[in-house]
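Dear colleague,

Please find below the structure that I am handing over to you. My notes on what was found in it follow directly after.

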Amino acid sequence: MSEVQPLLKQLSCLSGLYWVTVTSAFLHAGRGKNQSPGFQEIIKKTSLYSHPLIHHLMDPEAQKGDREDDNDKKVVAEIMARCFIPTLVTATSWEEFHFVGHEIRITEAMDCYGAVVWPSALVLCYFLETNVKQYNMIDKNVIEIGAGTGLVSIVASLLGAHVTATDLPELLGNLQYNISRNTKMKCKHLPQVKELSWGIALDKNFPRSSNNFDYILAADVVYAHPFLEELLITFDHLCKETTIILWVMKFRLEKENKFVDRFKELFDLEEISSFPSLNIKLYKAMKKNRRSA
Ligand SMILES: C[S@@+](CC[C@H](N)C(=O)[O-])C[C@H]1O[C@@H](n2cnc3c(N)ncnc32)[C@H](O)[C@@H]1O
């Protein structure tokens with residue numbers, strides 16, 4: 001199959017769900033004739049607030065890596081092709097994803113970071129699906145932090161894990177909705193949805209003595225927010241000696257990227273895959289100085 005096909009499919013989707021944003025930006029730009037920005041500029045501005053997958057497709061900077069690594073291009077196209085964006089504009093937006101032989105329908109909202117599916121989530125889902133032998137999820141105890149719309153938790157559940165999906169309180173309604181809709185009668189263990197605000201009430205809500213997670217999953221939890229230290233404390237709190245962290249990191253700003261160095265002070269970090277065209281890396285981590293190490 002041609003490699004451009006999945007990209008063309010996604011580009012055709014752009015004219016659907018996001019035409020409203022782009023069109024209104026054009027109309028707005030047309031009001032002040034002397035200041036109309038070019039098309040790329042409009043896309044850049046609007047895409048700051050529009051969908052992260054689309055942002056990647058429209059932003060030449062984000063695509064720089066495409067020219068650098070053919071293999072990366074191939075796998076990224078395959079990962080992105082798992083997403084279907086409907087061309088019909090409706091009151092509630094949704095997207096469909098294809099993982100583990102299921103059609104997963106995710107309802108999104110455009111008003112906060114956690115309410116859309118980010119490319120890192122797709123990378124992690126793809127990894128879980130294609131590495132079942134090495135990272136078998138069946139009957140494993142799994143917690144996802146910063147679960148957002150719940151796609152990763154849903155895929156882990158469909159793969160047989162016992163999942164706890166967590167996020168900030170304001171995200172839990174939509175998270176619960178997506179998880180229930182996509183896992184009921186389809187999973188061995190019904191996933192749980194729980195509040196976990198990084199660094200807050202950890203001893204009360206997730207006492208160390210009862211934490212027994214085989215895996216901690218995290219997709220795109222490091223960005224310009226003021227809770228990076230709390231995030232690190234949370235990883236440390238949830239992690240036992242045998243826990244494996246699978247963490248997908250999108251590299252954006254230098255300050256946030258320093259988090260990786262802080263993280264390495266507490267955890268042994270191994271880069272498993274890299275997707276230069278997305279500026280994304282997938283890491284496996286375990287607690288430092290384990291007795292079994
Ligand atoms: C960029 S989104 C990623 C969402 C999802 N993992 C994905 O990749 O599609 C970051 C997520 O972290 C959550 N988050 C941000 N700050 C948080 C905090 N202090 N405590 C808990 N979750 C937080 C957001 O609500 C959001 O769901």
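Leaving aside neighbours within four places in sequence, T107 is in contact with S93, W94, T149, N174, Y177, N178 and R181. With R181 there is also a polar contact, in which the two side chains come to 3.0 Å. T107 itself belongs to strand β3. Is T107 buried or exposed? Its relative accessible area is 12%, and because the limit for a buried residue is under 20%, T107 counts as buried. Please keep in mind throughout that this is a predicted model.

The chain as a whole

The secondary structure consists of 12 helices and 10 strands. The chain has 293 residues, and 50% of them are buried.

In soluble globular proteins, nonpolar side chains tend to be buried together. In this model, the largest nonpolar core contains 48 residues, and L128 and L151 are the members that touch the most others. Which helix gives the most to this core? It is helix α6, residues 119-130, which contributes eight residues. Setting aside neighbours within four places in sequence, L151 is in contact with F97, F99, I104, I106, V117, L122 and C125. A further core of 26 residues lies apart from the largest one, and its members include V221, L238, F259 and F267.

The ligand and its surroundings

How many residues surround the ligand? There are 19, and the closest are W118, G146, D167, W198 and A219. By class, this shell is made up of 13 nonpolar, four polar and two charged residues. A backbone N or O atom of W118 lies 2.9 Å from an oxygen atom of the ligand. For W198, a backbone N or O atom is 3.0 Å from a nitrogen atom of the ligand, and for A219 the corresponding distance to a nitrogen atom of the ligand is 2.9 Å. Taken alone, the ligand exposes 590 Å², and the protein buries 96% of that area.

Most residues other than glycine have a negative phi. V100 has a phi near 50 degrees, which is a positive value in a residue other than glycine. V100 sits in the loop between β2 (93-99) and β3 (102-108). With a relative accessible area of 25%, V100 is partly exposed. A201 likewise has a positive phi, near 50 degrees, and is not glycine. A201 is placed in the loop between β6 (192-195) and α9 (202-205), and its relative accessible area of 34% makes A201 partly exposed.

The loop between β6 and α9 also holds S197. Where A201 is partly exposed, S197 counts as buried, at 10% relative accessibility. Apart from neighbours within four places in sequence, S197 is in contact with L168 and P169.

Yours sincerely,
A colleague

Key. Residues are numbered from 1 along each chain as its sequence is written. This is a predicted model: local features need pLDDT of at least 70, side-chain atom pairs count only at pLDDT 80 or more; totals for chains, interfaces and linings use all residues. Side-chain values use heavy atoms; hydrogens and water are left out. A residue is near a molecule or strand if one of its heavy atoms lies within 4 Å of it. A polar contact is a pair of N or O atoms within 3.5 Å; within protein, one must be able to donate a hydrogen and the other to accept it, and residues adjacent in sequence count only if both atoms are side-chain atoms. Accessible areas come from the Shrake-Rupley method with a 1.4 Å probe; for residues, only the protein chains shown count as cover. Ala, Val, Leu, Ile, Met, Phe, Trp, Tyr, Cys and Pro count as nonpolar, Asp, Glu, Lys and Arg as charged, and the others, Gly among them, as polar. A nonpolar core is a set of buried Ala, Val, Leu, Ile, Met, Phe, Trp, Tyr and Cys residues joined through side-chain atoms within 4.5 Å. Buried means under 20% relative accessible area, exposed over 50%, partly exposed in between (1.4 Å probe, protein chains only). Helices (H or I, at least four residues) and strands (E, at least two) are DSSP runs, numbered from the N terminus. Contact means heavy atoms within 4.5 Å.
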